[in-house]
Every structure is written in C-alpha cells, then in structure tokens.
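Trainee: I'm new to this one. Could you walk me through it, a question at a time?

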Amino acid sequence: MRAALLREYQRPLELVERPEPEPGAPRDVVVRVGGAGVCQTDLHAIDGLMEAAGVRLPLVLGHENAGWVHAIGDGVTTAAVGDAVLVYAAYSCGLCVPCRRGLDMHCERGQFAGLTRDGGFAEYVLVDERSLLELPPGVEPADVAPHADAGITAYHAVKKLLPRLEPGSTAAMIGVGGVGHVALQLVRVLGASTVIAIDTDERRRRLARELGADEVLGEEADVVGAVRELTGAGADVVFDFVGTDATHAAGLEMLARRGVYSVIGYGGTISLPSVGMIATETAIAGNLVGSWVDLWELLQLHGRGEITLRTETHSLGDVNDVLEKLRQGEITGRAVLVP
Ligand SMILES: [Zn+2]
Ligand SMILES: [Zn+2]
C-alpha cells in the first residue's frame, strides 16, 4: 500500500510502498482509509516536538481517520467488513481506572494513531475494535474524518465548561481554524453564551460569521480592548485554539472575574502573577482530545445536521503541499487527505 512516512524530522514526508497491515491480535481491525484529516499536531511531530508524546521514527502520521472496515481479527464482534467507521485516535485498554472512568485518553496503556503507532496517511490503517464508531446513515468517511481529533477536542473542551456557558455569559474564541470552527458551533448548539470569535485571517473571520458568531474580531491592534468594549466585564470563558505566548497573554487579559481560560492550542508558555489569579478567581483548564463517548456524542450531532465540518479534500500524494499550506495558515477549516 501507499503511505506517507515521516522518516526524519524537519524533512518532507516520503511516499513509500509498504505491506498492507493484517489483523494480528484478536481485536485488530484493518480500516481502508476514506479520509485522514491534517492537523497542526502533524506539523509539531514533523518539527520533532512530539517525542514526549511518544513519537518515534519512522512513523506514518495521520490521527484523524475514517473509512471502511477491510479485515477483522478473530475476536471482533461489533464490526463487520464493509462497515463505514470513524476511528477514535486514542487506543485504550478498557481495564485501567481511567478507562473505567470513561477517560480513554488518559489510559495507562494508551497509544495514539499517527503518533505512537502508524496512522492514516496511508491506504490502510490497523486499529483496535474499541476505537471504532459506526457512521450515521448517509455520512461519508471523508466528511467526518477531522472529528476524530479536531471535532472531539472542540467537543470535550466545550462540554466540560457548559455550566459556565449560561445565558448572559460571553465566550471568546481565539482562532477559528480546524478545531475552533467546530467549537464555535458547539457553543451555539449546546450553550447559551454570546460568542465573540477572534482570528487574524479575514477568510476565517468570514467563516466565523457564516457559522453564527455574534461578534467577530481580529483586525484591530488592541483585540483585548475590543473584547472589553463589547463585554464591559470581559469574557466569562476564553477558548484558545492557537496557544502562543501572545494568545496566552491576550486570552488571560480579556477574562472577566471568575473567568475560565481554556487552553486547546499549544506551544507557548502561560505566565500569570498568582496574586491577580487569586483576586479574580481565574481558572485555567487544559484539554486533551476527549473520550470515545465525546466523539460518539459529537457524531450524533453531526448526523442530525446540527453541526458541519468545513473541509477541503486533497489526494494523499499532495500531503507535503497540504502540510505547507497549513503551516502558512492557508487552510480554512480542515484539509482531508484521500488515498
Ligand atoms: Zn490533531
Ligand atoms: Zn486503559
């Protein structure tokens, strides 16, 4: 099969021929990839920043995978060849305490498709039966592949702050990219906050308006001042989908008293005087992907047409061009590779 291999850091992916994976363990499932989303984390992996997360080379990237069941191991009981499936990227054992709490992404024996084992920038990907989610009728794999990371991360971050997204509150969202554009819709569908979307790119600001943001900022030099002008007290919740030193600082500055700063994008360092944090009862929340159930719930919303994914498809052979476009901020929504 064809696969895009990360053989060396800071080098383009290599398109190589590899043996097709086969079910080895009883719960193994081979999925024929119908679409694989391209994520900022892929760039972090290429840049050599994901060794702490378990990345070892060579590696086939791709953690936002969907497709059709192609082959199954002897013990598989919940999937059959031909089923259309979305693949939950975090492998979980089902036996440890975090797994039994439903926090699959904190599994003590956890693995992650496309980071700690080969992912879906290929024609086939080997997964565990526990990772599969059946697609709702009429939903095509390439249309929902990005939910496996972008969507689920948005859902997990928004769902856990729902008690703070009450009527009369304001949620500010920094970055309307692959994750942010899903989160914006989820705040509107699940919460009751006024939504202020912030992005430096006019195409993404337009997308935010199309998706129903109440206010769209990002052109002005003083975005924090603009948020304060709109809200008076500041934003009750700030979701940061970018995660640079600059957005960390701005996100914290635009918070209202008792505000929650929710960090989804990453890469920068958060710096905050503790005395100010005490005086305002500021809380900071980190977010790691989400649970299998988070993804399942999100898929039900998608199946009912309550949220959409903005995607553009490219062929797997164009993977390096797509990665470069993402690096340059030239992707609106999510790019999906089709083998
Ligand atoms: Zn990702
Ligand atoms: Zn576990």
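Predicted model: local features only at pLDDT ≥ 70, side-chain atom pairs only at ≥ 80, totals over all residues.

Trainee: Is Asp-149 buried or exposed, then?

Mentor: Its relative accessibility comes to 10%. The cut-off for buried is under 20%. Because 10% falls under that limit, Asp-149 counts as buried.

Trainee: Which protein residues are the donors of the zinc ion (ligand 1)?

Mentor: Look for the atoms lying 1.7 to 2.1 Å from the zinc ion. They are an SG, an NE2 and an OD atom. The residues that hold them are Cys-39, His-63 and Asp-149.

Trainee: What spacing do those donors follow along the chain?

Mentor: Cys-39 sits in the loop between β3 (28–38) and α1 (40–46), while Asp-149 sits in the loop between α3 (141–144) and α4 (150–160). That pair links distant parts of the chain, 110 residues apart. Written out for the donors of the zinc ion, the spacing is C-x23-H-x85-D.

Trainee: And is Cys-39 buried or exposed?

Mentor: Use the cut-off again: buried means under 20%. Cys-39 has 5% relative accessibility, so it counts as buried.

Trainee: Which residue of β4 stands opposite Leu-5?

Mentor: Start with strand β1 (residues 2–6), where four of the five residues are buried. β1 pairs antiparallel with β2 (residues 14–17) over four bridges, and there Leu-5 stands opposite Glu-14. β1 is also joined to β4 (residues 59–60), antiparallel again, by two bridges. In β4, the residue opposite Leu-5 is Val-60.

Terms used:
Residues numbered from 1 in each chain as written. Chains lettered and ligands numbered in written order. Heavy atoms only, no water. Donors = N, O, S within 2.8 Å, 3.2 Å for Na, K, Ca; no water. Buried < 20%, exposed > 50% of the residue type's maximum accessible area, 1.4 Å probe, protein only. Pairing = 2+ DSSP bridges.
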